[in-house]
Amino acid sequence: MERIIFYIISVLMITFAVMAVSNRNLMRSIIYLLFVLLGTAAIYFMIEFYFLGAVQLTVYAGGIIVLYVNSVMLVEKINNPLPEVNSKRRLLAGIISTAGAALTITAILSYNFVHIAESKATETNIDKVGKALLNYGDKGYILPFEVISILLLAAMAGAIAIAKTNKLKKNNESK
Amino acid sequence: MIFGVSIYEILTVSTIIFFIGIYGFVTRKNLIAMLMSVELILNAGALNFVVINKYLFPDALGGVIFSLFIIAVAAAETALALAIIINLYRLIMSLKTDDLETMKF
């Protein structure tokens, strides 16, 4: 049963990913990207990383997609399709990506991964993730956690500063 | 661990999505569409981290925490890049990569 669900999800994800990179209407391709992100969240839920799946749903599928939709509405007429890509470029990109995918998949399939037995696999809950994030001892991740908080703060301030540059310049000129 | 699904199948799916992202990054000429392809690539990378953590090192937490950081960095990157793109659009009224010729406005 899980196997069938996994196959359905992966076929949907690949189809929507292809549609997201090839559709000429920008708004539609954003919605197709949303379906790919939802499929990834479903796989996270299936391998029992519930916290990560929730983060994927809220930050990626919720936040980033809304950001994209807003900026597309600000800069583009929704019914204007993107210009056609010339076929030479498309052929080149297709050859590059197919060759890369074939090479990587053969490398993965020929490598012998050592599977851990099902019974030994332990469940990862939010409790463990939170303790690991705030642990400053061995196997603790407090330093990257703090660095990421500084990064998010800097990105927030930077985004506001960059988006308002034009207005600031005009104000200075008028003074 | 998904019952009946081996690590090879999940890694194959994430590889295919990664290279679809590469295809989009090469063919697209609109800045927002290129950023969307980068999003696909990052998503496939995060999926790989999680799957390898679950199947090969079930007691460790490194993969989960690394994917959390990937998601946070992707959010920051998207916010900044979209701010730059909107500012650029107000200055040159275009999002095509061929029209971007100068770095300083």
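Here is a short tour, with what to select at each stop.

This is a predicted model, so local features need pLDDT of at least 70 and side-chain atom pairs count only at pLDDT 80 or more, while totals for chains, interfaces and linings use all residues. Residues are numbered from 1 along each chain as its sequence is written, and chains are lettered from A and ligands numbered from 1 in the order in which they are written.

**Stop 1: chain B.** Select chain B and switch to cartoon. You get 3 helices and 0 strands (DSSP runs numbered from the N terminus: helices are H or I with at least four residues, strands are E with at least two). Its C-alpha atoms fill a box of roughly 55 × 25 × 15 Å along the principal axes. The radius of gyration is 18 Å, whereas a compact globule of 105 residues would come in near 13 Å (taken over C-alpha atoms; the globule rule is 2.2 Å times the number of residues to the power 0.38). Buried residues account for 47% of the chain; buried is 20 or more other C-beta atoms within 10 Å of a residue's own, exposed is 12 or fewer, partly exposed is in between, and the C-beta atoms are placed from the backbone.

**Stop 2: where the chains meet.** Now show both chains. Here 58 residues of chain B are in contact with 74 residues of chain A, contact being backbone-placed C-beta atoms within 7 Å. On the chain B side, α1 (7-27), α2 (31-56) and α3 (62-92) each give two or more residues, with α3(B) providing the largest share, 20 residues. Colour that side by type and you'll find 43 nonpolar, 11 polar and 4 charged (nonpolar: Ala, Val, Leu, Ile, Met, Phe, Trp, Tyr, Cys and Pro; charged: Asp, Glu, Lys and Arg; polar: the others, Gly among them).

**Stop 3: the core.** The largest nonpolar core has 59 residues, and those touching the most other members include Ala17(A), Val36(A), Ile17(B) and Ile20(B). Such a core is a set of buried Ala, Val, Leu, Ile, Met, Phe, Trp, Tyr and Cys residues joined through C-beta atoms within 7 Å. α2(B) gives the most, 14 residues. Centre on Ala17(A): beyond its neighbours within four places in sequence, it contacts Val36(A), Ile17(B), Ile20(B) and Leu40(B).

**Stop 4: Leu67(A).** Jump to helix α3 (residues 50-75) of chain A, where Leu67(A) sits. Is Leu67(A) buried or partly exposed? Leu67(A) is partly exposed, because 17 other C-beta atoms lie within 10 Å. Sequence neighbours within four places aside, Leu67(A) contacts Thr78(B), Ala79(B) and Leu82(B).

Definitions and conventions:
Two residues are in contact if their C-beta atoms, placed from the backbone, lie within 7 Å.
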